[in-house]
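Please keep the sequence and the model at hand while reading.

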Amino acid sequence: MTDLTKYRNIGIFAHVDAGKTTTTERILKLTGKIHKIGEVHDGAATTDFMDQEQERGITIQSAATTCFWKDHQMNIIDTPGHVDFTIEVYRSLKVLDGGVGVFCGSGGVEPQSETNWRYANDSKVARIIYVNKLDRVGADFYRVVDQVKNVLGAKPLVMVLPIGNYENFQGVVDLLTRKAYIWDDSGDPEKFEVKDVPDDMKEDVEKFRAELLETAVEQDDDAMEKLLEGEEPDMETIKMCIRKGTIALDFFPTYCGSSFKNKGVQQVLDAVVDYLPNPTEVAPQPEVDLEGEETGELAEVDPSRPLRALAFKIMDDRYGALTFTRVYSGTLNKGENVLNTFTGKEERVGRIVQMHADSREEMDSCQAGDIVALVGLKTTQTGHTLCDPDKPATLEPMVFPDPVISVAVSPKEKGAVEKMGVAIGKMVKEDPSFRVETDEESGETILKGMGELHLDIKVDILKRTHGVEVEVGKPQVAYRETVTQEVTDSYTHKKQSGGSGQFGKIDYTITPLEPGSGFEFESKVTGGNVPREFWPAIEKGFKFSCDKGVLAEYPCLDFKVTLLDGAFHAVDSSAVAFEIAARAGYRQTIPKAGPQLLEPIMKLDVFTPDDNVGDVIGDLSRRRGMIKSQDAAPSGVRIKAEAPLSDMFGYIGDLRTITSGRGQFSMEFSHYAACPNNVSEEIIAAFKKAKEAKNK
């Protein structure tokens with residue numbers, strides 16, 4: 001049986017361009033997994049194996065790989081940094097025990113770093129910090145450490161100090177051992193010398209080392225007492241304290257280096273082994289019942305317990321669908337049947353493979369703590385639990401954000417409709433933040449996603465991977481509708497036509513709710529005027545009607561229906577009659593309740609050189625942007641703002657024009673807000689015009 005204390009399930013996450021994939025390449029080289037290093041800018045990185053990733057030099061989907069360092073097995077997931085693919089980071093963090101947060105030495109804590117850090121906090125994932133690219137002009141390790149404190153509100157525990165900077169960056173000083181690791185210029189990560197601390201750094205080393213020890217010993221009373229008495233605890237005790245504090249998220253061991261120049265990566269690997277948790281040191285996953293309520297049982301990381309595994313990613317490749325799975329407890333052998341608690345169906349595991357980017361190694365079995373890919377599962381999707389058919393249980397499922405942007409697509413060739421449907425079906429399985437709908441009236445296929453780049457990549461995958469050329473319409477915004485006034489109303493559904501009739505009367509109030517509340521239903525009926533068994537049908541009638549608002553048929557949200565009274569007929573009343581009454585009541589009352597159109601507001605983080613600040617702010621104001629803050633960055637200004645999505649299409653092109661190509665930005669969904677009247681009128685008029693055109 002494998003020793004679980006020698007396992008490390010880790011993810012590497014960061015902002016776009018901080019060097020995650022390059023760092024992963026160096027780890028694979030150092031651990032002997034690959035013999036030739038591939039560069040991201042050459043499109044040759046091991047974990048960036050999609051055409052789109054190689055061309056754009058960005059990571060789009062998380063890639064899994066396994067390697068060994070100092071007798072420890074590392075299952076590593078390299079995640080994307082671009083905001084449109086945050087879903088990949090979120091679902092990877094969900095199944096990992098630890099992470100390496102990579103920050104750019106010159107860019108520091110960038111917009112997407114904050115989002116990823118927040119996700120990691122939510123998932124309670126222990127992390128070490130790696131400040132990369134210290135060979136870059138403008139890189140400053142100490143400034144990035146301050147940003148981690150001030151911007152992320154985290155506590156970095158500095159473990160190494162850089163020797164030299166920019167093109168003179170030579171290596172690092174390990175604070176615990178007071179040894180300097182200096183690499184030569186050959187670019188070979190193995191070619192370094194261990195020397196004494198340079199004279200000009202001794203003072204800084206002692207200062208930071210004292211801080212490191214003081215912070216670490218807070219984890220252990222005996223060690224603290226020893227230090228206060230002027231005696232330094234032994235190295236084993238210090239490392240035990242650092243490990244304990246890292247796993248408790250009290251602080252984050254912080255390293256630095258230059259992955260591209262092969263300097264400083266060994267220390268990060270040592271830290272993963274020394275300080276990040278093994279699967280048994282992480283809080284077990286709570287089990288929930290089919291209603292989503294916690295049962296009080298936990299999926300303990302133990303191979304001898306019943307099987308509990310979570311499918312966290314589906315990837316389609318030339319051999320069929322691969323289901324990436326984290327095994328939390330129990331063991332799984334190939335050829336066995338597992339129960340999918342979401343579908344209630346049993347599935348047979350054809351093969352178990354350990355992934356190395358897009359190549360694989362066959363396994364006969366896997367156990368608690370493993371991250372593997374299963375071949376042969378037909379109906380399993382992201383977030384589904386696989387378990388022992390005789391002892392079923394569900395793990396806490398994943399929650400995915402709703403898309404905010406959509407485009408209509410149609411195949412260029414008439415005969416390719418079916419081919420496009422199959423391809424999109426596979427893509428939806430792979431990516432839960434990507435949705436597809438068919439417009440019932442026009443028959444158009446509508447793709448929905450998290451941003452322009454997200455949909456752009458999807459269209460590219462359709463063309464290259466699946467061979468389907470499509471015409472793409474203009475991007476459309478996912479608007480919503482709500483109500484602004486409380487209205488009390490009544491509706492009677494009565495139908496008499498030979499045989500039994502239909503009858504249902506409801507008196508109800510529709511009340512606006514706080515933004516983000518969704519739909520709520522409550523019954524205050526007393527005395528049996530509307531029997532209790534009909535209440536769910538009334539709720540269902542209102543709830544299903546919410547899909548279409550009365551202004552422009554966008555989903556209507558954030559209101560409550562309170563059932564006050566009503567009447568029923570002993571023979572003619574039925575659940576169907578009351579559901580029809582509720583649907584008709586919705587159509588009758590919502591127009592009286594001050595319906596209002598809502599638009600998605602995006603959170604923007606824009607970087608611009610100093611010279612262009614005025615122009616960038618002027619352009620954002622033209623896009624109805626609200627400036628929230630301006631902060632001086634090392635080589636320019638970071639502007640935080642909020643702006644409606646409808647005015648942000650094509651923004652990257654305009655920003656590059658204004659800033660001569662030096663501007664950057666990241667954008668993510670923030671909230672829905674009321675549309676101004678003039679915008680709302682335009683949208684409703686366009687909707688009516690389109691509807692008339694369809695009806696002709």
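## Terms and model

Two strands are taken to pair if DSSP finds at least two bridges between them. The model discussed here is a predicted one.

Strands of a sheet pair through backbone hydrogen bonds, in either a parallel or an antiparallel manner. In this model, four strands make up an open sheet in the order β31-β32-β34-β33, and the pairing within that sheet is mixed. Its edges are formed by β31 (487-495) and β33 (519-523), each of which pairs on one side only. From one strand to the next, the twist averages 25°.

The pairing of β31 with β32 (residues 502-512) is antiparallel and comprises nine bridges. Within this pairing, Lys495 stands opposite Gln502, a residue of β32.

## Helices on the sheet

Helix α13, which spans residues 575-589, packs on the sheet and touches β31, β32 and β34, and its direction makes about 40° with that of β32. Helix α12, formed by residues 535-545, lies across β32, β33 and β34 (559-567), and runs at about 155° to β33.

## A separate pairing: the β17-β18 hairpin

Strands β17 (residues 337-340) and β18 (residues 345-348) are also paired in the antiparallel sense, here over four bridges. Asn340 stands opposite Lys345, which belongs to β18. Together β17 and β18 form a hairpin in which four residues lie between the strands, and Gly344, located in the turn, has a positive phi of about 75°.

Key. Residues are numbered from 1 along each chain as its sequence is written. This is a predicted model: local features need pLDDT of at least 70, side-chain atom pairs count only at pLDDT 80 or more; totals for chains, interfaces and linings use all residues. Side-chain values use heavy atoms; hydrogens and water are left out. Helices (H or I, at least four residues) and strands (E, at least two) are DSSP runs, numbered from the N terminus. Axes are lines fitted to C-alpha atoms, for helices over the stretch in contact, and angles run from 0 to 180 degrees between N-to-C directions. Contact means heavy atoms within 4.5 Å.
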